[in-house]
Every structure is written in C-alpha cells, then in structure tokens.
Amino acid sequence: MTTYTHGHHETVLVSHRWRTAANSAAYLLPHLRPGRTVLDVGCGPGTITADLADAVAPARLTALELTEDALGLARAEIAARGTANVDFLVADVQALDLPDDSFDVVHAHQVLQHLADPVGALREMGRVCRPGGVVAARDGDYAAFTWWPVVPALDEWLALYRRIARDNGGEPDAGRRLHSWARAAGFTDVTATASVWCYASPEERAWWGGMWAERVVQSSLAGQAVAKGYATEADLRRMADGWREWVAAEDGWFVVPHGEIICHV
C-alpha cells in the first residue's frame, strides 16, 4: 500500500473510532478466549484492538500499523483506556518480520481492500498463525453499498471513491473477494460470512451522512480527487450537499455490506 485512500483526517478518524468488536468483529468473538495471543493487523485508532485485548487477557495482543504515526493513534487509545496487555509493532503485513507460528489469532479489519497483494498478505497472516489458530478478516464491499432515497450525487461519490481506491492499488469491492483470496492463499478450511452496518434512524443518518459530507471535501480523498483531475471542488461540494439531502430524508436508509472470513490453520 503506497497511498491510504482515506487518509487520517479527523473526519475519517471519527468513523474509525466508532468501531468496536461488537459492531465490527462479532464474527470473530466466538473464537477468542482468555489466553489466546492476537496479532491485530492495521489496528487504526485502536478501538477494536482494545476490545479484542480485553477478550483474550491476560494474553498479549500485538497491534500492528504500517507507520509509527498511524500506530500512535492506537497507542493513545490504549493508554487512555488503561489496557495493559497490548504491544505495538510497525510492520508491513505483506512482509512480516516475525517468526512462524507466533500467534493464536491473526485479525485484519478493513485492511485487505487497501493492499496491492491481499493474497500475499493472507499468506503472511497464515504463516505467523499457530496450528489450531485462526486468521480472520472483514472488509467492506463498496459496489454493494445501497441506500434510499435515490440521490444522484451519492452515485457520483461512490464512483469517485472506487476509482481513486483502484488508482492507489487497492480493491474497494473486497468483501465479495475474501473467500476466493483466502483459498488462493492456501487456506482449505474457510468459513465465509457477511454482515452489515445499517444507518436509518435520525441520529444514525446525522452521524453517518454528516461525517461523509465533511469528509468528501476535507479528507485526503478530496485532495486526491482534485489533484488527479477526477473532480473539482465544486463537484465535491455537490456531493457533500447530496449527503445532506440524504440525511434530511425521513425515510433515509444506508447499508454497508461486509464480507468476513475465518480461516482455520
């Protein structure tokens, strides 16, 4: 991954910090228990990380990010919570400098979609997972995003995001591909499932749509869109207005589907 499409603007982090193990890793929780060591790949701001660490304590969880700056977000969250069983590692999941069979559980949330070689990353995740352990991944599937009512500006937004994500070497429609990627990586015992985030109440619409209305004009995505000539600032403002139109719709509904895999090692 050379460019993280979303970037780390506060409008991005506010959505990442909303994530918990309950709303973003429920498929993994039955496989966790006290004493199981975990590698959390692409831990982001650490909210899921902290929940996973609590689930396996007193065992250690290692939080991994690609840069020290990104890892600093998780360090701050873990310190604020007083979670004591987390270690931190700067590394690239596509080439881990870790011994074979190092962890009982290796987890990645919304990571594989951003990688040039997701199959290679899964192989590396499997290499560092002990026999009897699990490799788990969950990724969104942008092409399957759906909403009501029809707002043409949101179609523009989605097409723009998918175009830039692919320019950056990623696969925004990763969710549907996870099962095939896992098999290509050599896993033979794979459980593939799906789950969604759904935003429909007035409070949910205001949070999700309001966040994206700001994000589409302020985040790294906006800068990339203008720099690449894919959108003007006026185009981005129109997309932001589309988000506000959706928020205001009393029957507004938005679903983000995710693919999930549990690979038994």
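Let's start with V150. Its relative accessibility is 56%, so V150 counts as exposed; the cut-off for exposed is over 50%. Keep in mind that this is a predicted model.

Where does V150 sit? It is in the loop between β6 (146-148) and α6 (152-167). V150 also has partners. Together with W148 and W253, V150 forms a nonpolar patch on the surface. The three share about 330 Å² of accessible area.

Now, salt bridges. How many are there in the whole structure? A search finds 17. Let me show you a few.

Take R127 and E124. Their closest N and O atoms are 2.7 Å apart. Both residues lie in helix α5, three residues apart, about one turn of the helix. R127 counts as partly exposed because its relative accessibility is 25%. E124 is at 14%, so E124 is buried.

Next, E260 and R138. This salt bridge has its closest N and O atoms 3.2 Å apart. E260 is in strand β8 and R138 in strand β5, so the pair ties together parts 122 residues apart in sequence. Are these two buried or exposed? Both are buried.

Third, R238 and E156. They meet at 2.5 Å, N to O. R238 lies in helix α10 and E156 in helix α6, so this pair links parts 82 residues apart in sequence. R238 is partly exposed, at 37%. E156, at 31%, is partly exposed too.

There is also a network of salt bridges: R162, R166, E171, D173 and R177.

Last, two helices. The axes of α8 and α9 come within 5 Å and cross at roughly 45 degrees. That makes α8 oblique to α9. In α8, W212, V216, V217 and Q218 meet S220, L221 and A222 of α9.

Methods
Residues numbered from 1 in each chain as written. Predicted model: local features only at pLDDT ≥ 70, side-chain atom pairs only at ≥ 80, totals over all residues. Heavy atoms only, no water. Patch = residues over 30% accessible without salt bridge, like charges linked within 9 Å, V, L, I, M, F, W, Y side chains within 5 Å. Areas by Shrake-Rupley, 256 points an atom, 1.4 Å probe, with all protein chains shown as cover. Salt bridge = Lys/Arg side-chain N within 4 Å of Asp/Glu carboxyl O. Helix = DSSP H or I, 4+ residues; strand = E, 2+ residues; numbered from the N terminus. Buried < 20%, exposed > 50% of the residue type's maximum accessible area, 1.4 Å probe, protein only. Axes fitted to C-alpha atoms, helices over the stretch in contact; angles between N-to-C directions. Parallel < 35°, antiparallel > 145°, perpendicular 65-115°, else oblique. Contact = heavy atoms within 4.5 Å.
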